[in-house]
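The exercises below ask you to read local geometry and packing from the structure, with each solution worked step by step. Please try each task before reading its solution.

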Amino acid sequence: MASSFVVACVGKPSAGKSSFLNAVTDATAKVGNFPFTTIEPNQGIAYYPIACPCATHNLSARCKPRHGWCQNGQRYVPIRLMDVAGLVPGASEGRGLGNQFLDDLRHADALIHVVDASGMTDDQGRETRGYDPVDDIRWLRGEIEAWIFGNLDRKWGGTVRRHVAIKATPVETLHGQLAGYGTGREIVQRALDRLGAHGQDISLWSSEELRSFVRVFLDCRFPTIVALNKIDMPDADKNISAIVRRYHGAKGVALRDGVSEENIVLTSALAECFLRKMAKQKYILYETGQDDFVTAEDKQPGGGGLRPLDDRVRGRLDNIRDLVLFRYGSTGVQDVLVRAVEALGYVPVFPVKSLANFGASAGGDSAGSSGCFQDCVLVRPGTTVREFARKLHNQQLDRAYAGAETVGNVKLGEDDIIVPGKNNIIKYSMQAGGA
């Protein structure tokens, strides 16, 4: 089972979204049986690497994740990815596939914007040469902004009248209008704080002031990672340099086009797909994120059980090694995923039934009772011990909550915020009949 949050892949047709999803998802764990080229938004499972506490407690041999896996103290936690079908300029006005696909973004917590860094596809996804991929970053952000601003602006007059009549706070009024975008009050408050609009009378906002709020709201609601794809293609170097120059210094609250400098990642999804395919077929040894691979020739004598390469495959592997791995250090695919989760600030929590052996949490089965740290759940930053108890045991069992402890049998307050490395290994105590 993947975490409850969703990372959406967006971008124009032919930018490489489907290749990217194929590169990061486990084909055996896809949600549904749809190929990634269908019109319906498509979901898959990817795995986010984190440090597992089994290594700290010298229990790696007993670590048996219920979902994902753990290898040498590196835990791979499942998350959901969604492929939102290709957008084109004017989608917010119904052009192309229109608002249908913008609406799909309501379900996303973060965005991965896959951009064709080669400049070999235009804004419609048609083959060309010399296209400036900076335009893709601008127009996609512009379409999402136009979509939300348009929805707010059309009924802003009525919104303001109600706001004044019931003497609502700015957060209450704006949250009421934005809740349909999967927005919590804390995101609205954060946007107002970033805008410096705390205490402002929103009933006096001009249309431009409303648009300024939407821009900041988008930064808070949809943190975006730009995956500059096809980095091994001609002209990619020139375009990458131009994009890096444009977004140099963009960070924190000073974003440009909703993008920060540290959230631009260089990728080659096709290279990653090919390397994974060759590894699966036993031609090479390779793990996602590595800076090189091993062939039978590298494992001489005997080849180490790897199959020999023909000239065609060897040539393609040599190109990937020279143009991607040696030049950039990796295919970048895993880095994109890590940046997306880190942008959300999610915290890994390990619920256990015993602090003595870190056995299964509530809901574990006897077959896996010998394992430790079987469950890992990613939660929003600021989640409290009691809030996580509700998530873990469901609302009906909330009344049975009797307390919580962490490593060393340290008792936790129900309002304590869960912090990695401090109190994110938790044993809950439930009243009789409530476990």
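**Exercise 1.** Is I284 buried or exposed?

*Solution.* The structure is a predicted model, in which local features need pLDDT of at least 70, side-chain atom pairs count only at pLDDT 80 or more, and totals for chains, interfaces and linings use all residues. Residues are numbered from 1 along each chain as its sequence is written, and side-chain values use heavy atoms, with hydrogens and water left out.

Step one is the cut-off: buried means under 20% relative accessible area, exposed over 50%, and partly exposed in between, with a 1.4 Å probe and protein chains only. With a relative accessible area of 1%, I284 is therefore buried.

Step three is to list its surroundings. Not counting residues up to four places away in sequence, I284 touches L275, M278, A279, F293, V294, T295, L306 and L317, where contact means heavy atoms within 4.5 Å. The C-alpha atoms of I284 and A296 are 7.0 Å apart in space, although the two residues are 12 apart in sequence.

**Exercise 2.** Determine how many aromatic pairs there are, and describe the ring geometry of F350 with F373 and of F388 with Y428.

*Solution.* Begin with the rule: rings of Phe, Tyr and Trp (its six-membered ring) pair if their centres lie within 6.5 Å, and planes under 30 degrees apart count as stacked, over 60 as edge-to-face and the rest as tilted. The count by this rule is 10 aromatic pairs.

Of F350 and F373, the centres are 5.9 Å apart and the planes stand at 80°, an edge-to-face pair. F350 is in strand β10 (residues 347-352) and F373 in the loop between β10 and β11 (377-379), so that the pair links distant parts of the chain, 23 residues apart. Both F350 and F373 are buried.

Turning to F388 and Y428, the ring centres are separated by 6.2 Å and the planes meet at 40°, so this pair is tilted. Because F388 lies in helix α13 (residues 385-393) and Y428 in strand β14 (residues 425-430), the pair ties together parts that are 40 residues apart in sequence. F388 is buried, at a relative accessible area of 1%, and Y428 also counts as buried, at 11%.

**Exercise 3.** Which residues make the contact between helices α5 and α6, and at what angle do the helices pack?

*Solution.* First take the axes, which are lines fitted to C-alpha atoms, for helices over the stretch in contact, with angles running from 0 to 180 degrees between N-to-C directions. On this basis helix α5 (residues 156-165) and helix α6 (residues 170-178) pack at about 145°, their axes being 11 Å apart.

Next, identify the residues: α5 contributes W156, T159 and H163, while α6 contributes P170, T173, L174 and Q177.

**Exercise 4.** Where does A191 lie, and which residues surround it?

*Solution.* A191 is part of helix α7 (residues 185-195), and its relative accessibility of 0% counts as buried. A191 and R221, which are 30 residues apart along the chain, have their C-alpha atoms separated by 8.6 Å.

Technical notes: Helices (H or I, at least four residues) and strands (E, at least two) are DSSP runs, numbered from the N terminus.
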